[in-house]
Structure formats: C-alpha cells, structure tokens
Amino acid sequence: MTLTAQYVPLNFVAQTWAKAEPHIKAALEYGHGDYTLDQVKMFAHMGQWLLIVAVDENGEVHGAATSSFINYPNDRVGFITFIGGKLISNKDTFKQLCDILKANGATKVQGMARPSIARLWSRYGFKERSTLVEFKL
C-alpha cells in the first residue's frame with residue numbers, strides 16, 4: 001500500500017473531516033486535555049490550522065494531521081498540533097508532509113512528542129529540544 005500525504009484545501013475540510021476525525025481523535029488521547037475534538041475541528045474549518053490526510057490509491061484515509069504556523073524572527077515553524085493513523089510514518093510520507101509545510105512557508109517542522117514518538121521521528125532527523133522535536137527544512 002502506498003500512502004500519499006495531501007493538504008486538504010479549506011473548501012474541502014467539511015467534506016473530509018469525517019474521514020480524518022477518527023485519526024485526530026486518537027491523537028487527542030495524548031494531548032493532555034489542551035484541546036477538544038470540537039476545537040481542533042473549528043481550527044481546521046476556519047483555516048487557522050492545516051488539515052493533512054494520508055490516503056491510499058483508492059482515496060481511503062489512513063491517517064490525519066493538523067498543523068499551525070508560528071512565525072519567529074528567523075524561521076516560520078510548521079507546528080504539528082496533532083497526528084494520528086496506522087503505518088503512516090515513513091520517509092516518503094514524511095517528505096510529503098515537509099513539502100506541504102514548506103509550500104506554506106515553513107522553514108522548520110516542530111511538534112510536541114512523547115518519548116516513543118520522539119524516538120520514531122528521530123529517524124527523520126528530528127532533534128530533541130526538551131520534549132519538542134524539530135526538523136530544519
């Protein structure tokens with residue numbers, strides 16, 4: 001199975017949300033209550049966060065992520081707010097995710113991660129900054 005990471009344009013978030021929601025809901029389990037599913041949905045529907053999905057050849061959604069952007073003096077960070085799915089993390093989908101964030105102006109990718117995820121994402125060049133992971137684009 002080949003997965004493709006796709007940015008969901010704002011005008012298609014409402015149509016796509018039901019397929020992405022289970023993956024975001026699973027990721028919320030590790031969010032420490034900072035956001036509810038309705039709040040994540042609102043940020044995606046209003047365009048404040050990007051919605052990105054991992055789809056197979058048949059268009060079935062196997063994973064989803066949301067990203068916000070933070071502007072610093074020297075970088076624009078694509079901050080992964082939530083990511084969930086099964087078997088969605090490989091070099092190809094990671095490159096696709098980076099390309100989507102870079103196309104939206106990001107020069108770095110960051111996200112909060114529990115230790116197991118920090119180890120997983122270290123395969124793609126992330127470095128630990130406390131519990132924050134980062135990849136320079």
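Predicted model: local features only at pLDDT ≥ 70, side-chain atom pairs only at ≥ 80, totals over all residues.
The protein chain contains 4 helices and 7 strands. Read from the N terminus, these elements follow the order β-α-α-β-β-β-α-β-α-β-β. The radius of gyration is 14 Å, close to the 14 Å given by the globule rule for 137 residues, so the chain is as compact as a globular protein of that length. The C-alpha trace spans about 35 × 30 × 30 Å along its principal axes. Of the 137 residues, 45% are buried. Among contacts with a separation of 6 or more, 60% join residues 24 or more positions apart. The chain exposes about 8,000 Å², and carbon and sulfur atoms supply 53% of that area.

A straight helix of 16 residues would span 22 Å, yet the end C-alpha atoms of H1 are only 19 Å apart. H1 also has a kink of about 55° at Lys19, shortly before the proline Pro22. The buried residues of H1 are Val13, Thr16, Trp17, Ala20, His23, Ile24, Ala27 and Leu28. An α-helix has 3.6 residues a turn, so residues three or four places apart point the same way. The partners of the buried H1 residues are strand E1 (4-8), helix H2 (37-45), strand E2 (50-55), E3 and strand E4 (76-85).

Strand E3 (residues 61-71) includes Asn71. Asn71 is exposed, with a relative accessible area of 54%. The side chain of Asn71 makes a polar contact with the side chain of Arg76 at 3.0 Å. Asn71 and Ala106 lie 35 residues apart along the chain, while their C-alpha atoms are separated by 8.8 Å.

Methods: Residues numbered from 1 in each chain as written. Heavy atoms only, no water. Helix = DSSP H or I, 4+ residues; strand = E, 2+ residues; numbered from the N terminus. Buried < 20%, exposed > 50% of the residue type's maximum accessible area, 1.4 Å probe, protein only. Polar contact = N/O pair within 3.5 Å; in protein donor to acceptor, adjacent residues only side chain to side chain. Expected span 1.5 Å × (residues − 1). Bend = angle between axes of the 7 residues up to and from the residue. Contact = heavy atoms within 4.5 Å. Rg over C-alpha atoms; globule rule 2.2 N^0.38 Å. Areas by Shrake-Rupley, 256 points an atom, 1.4 Å probe, with all protein chains shown as cover.
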